[in-house]
Amino acid sequence: MAEMDLADLPVDNPLRVDNPALIPAARYYDEEFYRLECERLWPRAWQMACRLEQIPDVGDWIEYSNVGKSVIVVRTKDGVKAHQNHCRHRGVPIAGGQGNAEGASAHGNCAKSGFICPFHGWRWNMDGECTFVYGRHLFDEEVLEKDELALKPVRVETWGGCAFINHDPDAPSLRESLGPVLDRLEARGMSKLRSEWWFATVLPANWKVAMEAFMEGYHVMKTHPQLQHAQPSLYNARYGNETGGLGPLVNPNLGVRENIQEALTSMDLLGEGMAGLVHAKEIAIAKELADVELPEDPQLAMMTWYGIVCQAITDKLRARGEDVPDLPRVMQEHPVEAVEFLFPHYFLLTYFTSMSSYRIRPLGPESCLFELWSLTHYPEGEEPEPPREPVMLPFDSQDFPMIPRQDYSNIPIQQKGMHSEGFDHLRLSKDREGLISNYQRLIDGYIGGASPQRLAAANRMLGGNFDGPILDLQLE
Ligand code: FES
Ligand SMILES: [Fe+2]
């Protein structure tokens, strides 16, 4: 039976989330649950397969592989196409073929030679048509029917400077699946960003443990204490102090200049700690405005100051030739959360005009491939040569920026803790860790065979849900 049909059958999911605030720990290591995800979630979800700058020229291709399914994404004369990566003769991958083991990211250009199978040398062009069968006369013509020899197409959509693939012919479109978050990110100049760098690492943890480390800011106080120390009022306003009450967003005990200094120190730490999240060039512009004239009232002064900074970043980067968005306008008209997730495995962090982006693929129930890009704008003609593959580092490498390094220090030990005797469930904050629950229950929706329309409707609710509440996803 074809895999697509399997996903429609009823299935026993003993690890289903029944209480939205309690997530069964075994979902992060159970082999059977992992198998259900591989069979019923991944083949039906839109997956970020590559950045378009990885395939700038006609004929450029990359291999995107996840949970045993390998796809070739190729730029053709008629746009980006995707093909299943197997030879129509005896199944050998026709390009790459190492899968995603240890971050393998095969790429090349097929404009001259096409794709040539390494086993017996059959060939295809970039459109997937078979162009050569060695010793054709040795075969019965009926097994060499033209359409059957063509590479199997995979659905592909481009958005935000990336190609997304989906193995499910019946899945709603990328836009219907993810909703308005795509417009909000696009308004922030998403498709004009270029990679500054691209790192990858293998983490000894379930892919969801790694994803969920970024779904709330509630861990900042303990995991990234330097951020809270730099600007305590920001975090007290959102999470309260250790014993309770929420504080004001701007510290009324500090003067306006001291509040600005706190904000600048905080930006410095975010910039050094996470690169693209706040770019050094943006911080430099903000620093030039530390003494600008402002109203007396600290709250009003800080709002005014952020407005002036956003306008100056827009104007100065545009004057350098960068096609950045009009920040004061898009922040008003298309506000984005500090982190925006594109279910299932891609997310973006932004502050001004640059972004960090992350993609996490399972390598097994307790291992995942974690990729991290720093993205920013460049003046036309000054874009750097795009990286074609990530720089692989061990997860505890000091070469990672400080903030992911701090996150990576928790992820592998949390994975171990999941197995601890008596640890049956994770218990979530209904107000701040809702996205974790919402993600997990959307996965249950895929496993349980909910209709594509319901899955898409639930998925659309996840835009803007970072740090947010547990939602009724209407999947029952
Ligand atoms: S398996 Fe590809 S040509 Fe034989
Ligand atoms: Fe973190």
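## Packing of helices α10 and α11

In this predicted model, helix α10 (residues 256-274) and helix α11 (residues 280-287) are roughly antiparallel to each other, a class that takes in angles over 145 degrees. Their packing angle is about 170 degrees and their axes lie 10 Å apart, where axes are lines fitted to C-alpha atoms over the stretch in contact and angles run from 0 to 180 degrees between N-to-C directions. Helices (H or I, at least four residues) and strands (E, at least two) are DSSP runs numbered from the N terminus.

On the α10 side, L264, M267, D268 and G271 meet A280, I283, A286 and K287 of α11; contact here requires C-beta atoms, placed from the backbone, to lie within 7 Å.

## Helix α15

Helix α15 (residues 434-447) has 14 residues that should span 20 Å at 1.5 Å a residue, and its end C-alpha atoms are 20 Å apart, which agrees; the expected span is 1.5 Å times one less than the number of residues. Because 14 of the 14 residues of α15 are buried, the helix is largely enclosed by the rest of the structure, a residue being buried if 20 or more other C-beta atoms lie within 10 Å of its own. Just after α15, G449 adopts a positive phi of about 80 degrees.

Strands β13 (residues 339-342) and β14 (residues 346-350) run antiparallel and are joined by 4 bridges, pairing being assigned if DSSP finds at least two bridges between strands. They form a hairpin with 3 residues between them, and E340 stands opposite L348 in β14.

T201, found in strand β12 (residues 194-203), counts as buried because it has 22 C-beta neighbours inside 10 Å. Leaving aside neighbours within four places in sequence, T201 is in contact with F370, M392, L393, P394 and F395; T201 and F370 are 169 residues apart in sequence, yet 5.3 Å apart in space, C-alpha to C-alpha.

Residues up to four places away in sequence not counted, A49 touches Y64, V71, V73, A163, F164 and I165.

## Conventions

Residues are numbered from 1 along each chain as its sequence is written, while chains are lettered from A and ligands numbered from 1 in the order in which they are written. As the model is predicted, local features need pLDDT of at least 70 and side-chain atom pairs count only at pLDDT 80 or more, whereas totals for chains, interfaces and linings use all residues.

Conventions. Contact = placed C-beta atoms within 7 Å. Buried ≥ 20, exposed ≤ 12 C-beta atoms within 10 Å, placed from the backbone. Parallel < 35°, antiparallel > 145°, perpendicular 65-115°, else oblique.
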